[in-house]
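Dear colleague,

I am passing on the structure below, together with some notes on what came out of going through it. Please read the notes with the model open beside you.

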Amino acid sequence: MITRRDVFQAIADPTRREIIQRLAKEPLNLNAIAEDFDVSRQAVSKHIQILTECGLIIITQKGRERFCEAQLGKLTEVVDWVEQSRKHWINRFEKLDKYLNELKNNDNGTT
């Protein structure tokens with residue numbers, strides 16, 4: 001069975017978010033990434049695999065070492081979703097505010 005992952009799954013985990021932040025500054029080899037975390041190398045490799053499957057990082061071979069590099073373009077999916085959600089909630093709150101003001105005005109008029 002093939003597991004399809006998306007960028008939201010990638011950023012759901014704090015360790016993966018931290019890996020992305022570090023790789024956004026500079027490409028790092030797998031050992032350098034693993035040294036920064038208090039988890040097993042195998043756990044870091046799993047996080048790297050998920051980030052690769054989601055398209056947030058690429059791994060390139062340079063000699064005997066494998067380097068990870070951030071591909072932050074995929075994060076536009078998150079930005080787009082957040083912006084759409086923000087607009088939706090702003091609209092909802094504006095409608096609620098209007099409704100509450102109408103209630104307040106109606107209440108003031110009857111007293």
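On the surface, Trp89, Phe93, Leu96, Tyr99, Leu100 and Leu103 form a nonpolar patch whose accessible area is about 620 Å² together. A patch here is made of residues with over 30% relative accessible area and no salt bridge, with like charges joined within 9 Å and nonpolar side chains (Val, Leu, Ile, Met, Phe, Trp, Tyr) within 5 Å; a salt bridge is a side-chain nitrogen of Lys or Arg within 4 Å of a carboxyl oxygen of Asp or Glu. Accessible areas come from the Shrake-Rupley method with a 1.4 Å probe, and for residues only the protein chains shown count as cover.

Please bear in mind that this is a predicted model, in which local features need pLDDT of at least 70 and side-chain atom pairs count only at pLDDT 80 or more, while totals for chains, interfaces and linings use all residues. Residues are numbered from 1 along each chain as its sequence is written, and side-chain values use heavy atoms, with hydrogens and water left out.

Tryptophan 89, one of the patch residues, lies in helix α5, which covers residues 76–110, and counts as partly exposed because its relative accessibility is 43% (buried means under 20% relative accessible area, exposed over 50%, partly exposed in between, with a 1.4 Å probe and protein chains only).

The chain has five helices and three strands (DSSP runs numbered from the N terminus, helices being H or I of at least four residues and strands E of at least two), and from the N terminus on these run α-α-β-α-α-β-β-α. Its radius of gyration is 22 Å, well over the 13 Å that the globule rule gives for 111 residues, so the chain is more spread out than a compact globule (the radius is taken over C-alpha atoms, and the rule is 2.2 Å times the number of residues to the power 0.38). Along its principal axes, the C-alpha trace spans about 80 × 30 × 25 Å.

Isoleucine 33, found in helix α3, is buried, with a relative accessible area of 2%.
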